Amino acid sequence: MLNPRRERMLVLGLIALYLALNLLVLTRTPLMHSDESWLAGLTRNMLAQGNPGVTEPFFDLKPRYPHAIKILFHLLQMPFLLIFGYHLFAVRMLSLLAGGLALYLFYRWCRQTAPMGLSLLCLAAAGLNGQFLAASHTARQEILLLCLLLGLAVYAGKHAADLHTRHIVRLGLLTGLGAGLHPNGFLLALGCGLGLLFIQLGTK
C-alpha cells in the first residue's frame, strides 16, 4: 500500500505519460471543428486589438456586440497563442492540459469512496473514453467545464460531513467561473445545487 505522497506521484506520472502520448496525435484527431477556428479567431483578434471587448472580424454581415460570456476561455487561450502562434496545436494545448487536470480530479473523486486499485481502473477507463479523448483534443470549452464540475464534486465530497457557509460560498464562486467559459455553465450550478441538496438530505 502506497503512502499518499507516493500514490499522488504515481497518478501524476501516469497522467503525464498520457498527456505526452496524446501530444503525438493532438492535431490529427479529431478533424478540426468549425468552433475551434471561430473561438481561436476571436482570441487572436482580442490579442491583435489589445482589447477583450472586441468581436469577431469575420462575422461582419450584421452588427455584433461584445459580451463577457466565454471571456475566461479566451483569456486562458491567449498564452498558448502567444507562445506557439496561431496554430491548431496551440489552441488545442489548453484542452489537453485541462483533460489532464480533469483526470486527476476524477481520480481524487473516486478515491473518496473507492480503493486505489479500483480508482486507477476508473482513471484508465475515463482516459480511454472516446468522448473524453475528443473533448480533450478539441479547442472548445467542454473539457474545462468538466474540470470545474469535477472540482465541485471533489470539494463538496471532501466537506460533505461538515458543510458550512464558507464551503457553500466557495462552491458558488467556483460554479460562477463556468459563466466565463460557456453559457452552459449554468448546468454546473444545477448539478452542484442538486448535489448539495442530496448531501443535506443524507445528513438529516
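Trainee: At what angle do helix 4 and helix 5 pack?
Mentor: About 145°, with the axes of helix 4 and helix 5 9 Å apart. Keep in mind that this is a predicted model.

Trainee: And what's the handedness of the crossing where helix 4 passes helix 5?
Mentor: Right-handed.

Trainee: Which residues meet there, going from helix 4 to helix 5?
Mentor: From helix 4 you get L103, F106, Y107, C110 and R111. On the helix 5 side they meet M116, S119, L120, C122, L123, A126 and G127.

Trainee: OK, switching to helix 1. How many residues does helix 1 have, and how far does it reach?
Mentor: Helix 1 covers residues 4-23, so to speak a run of 20 residues, and it reaches 28 Å from its first C-alpha to its last. That is close to the 28 Å expected at 1.5 Å a residue.

Trainee: Which residues of helix 1 are buried?
Mentor: E7, V11, I15, Y18, L19 and N22. Looking down the axis of helix 1, these buried residues fall within an arc of 105°, so they line one face of the helix.

Trainee: What do the buried residues of helix 1 pack against?
Mentor: Three partners are listed here: helix 4 (88-111), helix 5 (116-128) and helix 6 (130-136).

Trainee: What about the face of helix 1 turned away from the buried side, which exposed residues does it carry?
Mentor: R5, R6, L17 and L21.

Trainee: Which residue caps the N-terminal end of helix 1?
Mentor: N3 does that. One of its side-chain oxygens lies 3.1 Å from the backbone nitrogen of R5.

Trainee: New topic: glutamates. Where is E36, and is E36 buried or exposed?
Mentor: E36 has its place in helix 2 (residues 34-49). Its relative accessible area is 1%, which is under the 20% cut-off, so E36 counts as buried.

Trainee: Which residues does E36 touch, leaving out those up to four places away in sequence?
Mentor: With those left out, E36 touches L31, L88, R92, H137, T138, A139 and R140.

Trainee: And E56, where is that one found?
Mentor: E56 is in the loop between helix 2 and helix 3 (71-84). With a relative accessible area of 6%, E56 is buried too.

Trainee: What polar contact does the side chain of E56 make?
Mentor: The E56 side chain makes one with the side chain of W38, at 2.6 Å.

Trainee: Which residues does E56 touch, again not counting those up to four places away in sequence?
Mentor: On that count E56 touches W38, L42 and R64.

Note on methods: Residues numbered from 1 in each chain as written. Predicted model: local features only at pLDDT ≥ 70, side-chain atom pairs only at ≥ 80, totals over all residues. Heavy atoms only, no water. Helix = DSSP H or I, 4+ residues; strand = E, 2+ residues; numbered from the N terminus. Expected span 1.5 Å × (residues − 1). Buried < 20%, exposed > 50% of the residue type's maximum accessible area, 1.4 Å probe, protein only. Arc of directions from axis to C-beta. Contact = heavy atoms within 4.5 Å. Polar contact = N/O pair within 3.5 Å; in protein donor to acceptor, adjacent residues only side chain to side chain. Axes fitted to C-alpha atoms, helices over the stretch in contact; angles between N-to-C directions. Left-handed = near helix turned anticlockwise from the far one by under 90°.
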